[in-house]
Amino acid sequence: MRRMIGMIMLLFSVVVMGLTQSVEIKGIVKEAKNGEALEFANVILQTTDSVFISGITTDERGRFSLNQIQPGNYLLVVSSMGYESQCFTLNGLNRPVTLEDILLEDSSMALEGVTVTASNQTSRSDKKIVFPTDRQIEASTNGLNLLQQLMLPKLQINPLFNEIALPGGGEIQLRINGAKVELQEILALQPAEIIRIEYHDNPGLRYGNAEVVLDYIVHRPETGGGASESI
C-alpha cells in the first residue's frame, strides 16, 4: 500500500511539473525581398499589456531562441532598423513554438527631401539618426521606454529593471546633447523633449572603449551638463 501511494505521489508530481514547466520560443528572421537571413534583428517578448518579459537579437543566420518562458499570453515583436515590424499574438502558450521564416518588409518614407527608414531614420558615415514618431513618443514614459520603442539593432533593453545591454556585454555610453550622462538622467527625460537619438555603433577611439554610443538630442540644451564636459 505504501509503495502504491508513493508511486501515485510521484506520478502526480511529474504531471504537475509537466504542466508548469517553462517553454521555448524560437524562429528565423529573414528579409522579405531576397529571403536572406537578417542579423541583429530585435525580438521582444511582452505581455498583452506591454510589460517586457524577455528580449534577444538574431544571430548571423537570423536565428533566435527565447528560453525559460512561463506559460501564458504574450506578444512577440520582431523588428530591425529599416524594416516593418512584425507582431505575433501567442495566446495560451504552453508548449515550445517555432516561428520559421519571419519575413520583414523594407520600410521607407520621404521627409523634407531626405529618404529615411523605419522610425524616421537616416544614416551617415559615423552614425544613424533616429527621429521618434508621435506614436512612439505617446507610448513611452521616459527616455529608456522610448529607446525600447525604437528597437535599435544590438541593444537589449529591459525596462522592468531599467537596463540597457549588448549581447557581448560591451560598454554603452550615454549622452545628452553630446555630454556624458548616467542612466538615471535618461530615465528622467520626458519623451516629448527628445528631438532625435544619434546611434553610433562604431564610435571610434574618441569615445574610449565604448562599443555603442547613444546621444539623446533634446530641446533643453542645458540637460546633461555643459558642452565643454570632457569625453
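Mentor: Leaving aside its neighbours within four places in sequence, S140 is in contact (heavy atoms within 4.5 Å) with N145, L146, Q149 and P191. The model is predicted: local features need pLDDT of at least 70 and side-chain atom pairs pLDDT 80 or more, while totals for chains, interfaces and linings use all residues. Residues are numbered from 1 along each chain as its sequence is written, and side-chain values use heavy atoms, with hydrogens and water left out.

S140 sits in the loop between α2 (134-138) and α3 (143-150); helices (H or I, at least four residues) and strands (E, at least two) are DSSP runs, numbered from the N terminus. With a relative accessible area of 10%, S140 is buried, a term for values under 20% with a 1.4 Å probe, protein chains only. A polar atom of the S140 side chain lies 2.7 Å from the backbone oxygen of Q136.

Turning to the sheet, four strands form an open, antiparallel arrangement in the order β3-β2-β5-β6. β3 (52-57) and β6 (86-93) are at the edges, each with a single partner strand, so one side of each has no neighbour in the sheet. From one strand to the next the twist averages 15°, with axes fitted to C-alpha atoms and angles from 0 to 180 degrees between N-to-C directions. Strands pair if DSSP finds at least two bridges between them; β2 (residues 42-47) and β5 (residues 72-79) pair antiparallel over six bridges. T47 has Y74 in β5 as its bridge partner.

As for the rings, K154 lies over the face of F40, 5.6 Å from the ring centre; the criterion is NZ of Lys or CZ of Arg within 6 Å of the centre and within 35 degrees of the ring normal.

Methods: Buried < 20%, exposed > 50% of the residue type's maximum accessible area, 1.4 Å probe, protein only. Polar contact = N/O pair within 3.5 Å; in protein donor to acceptor, adjacent residues only side chain to side chain.
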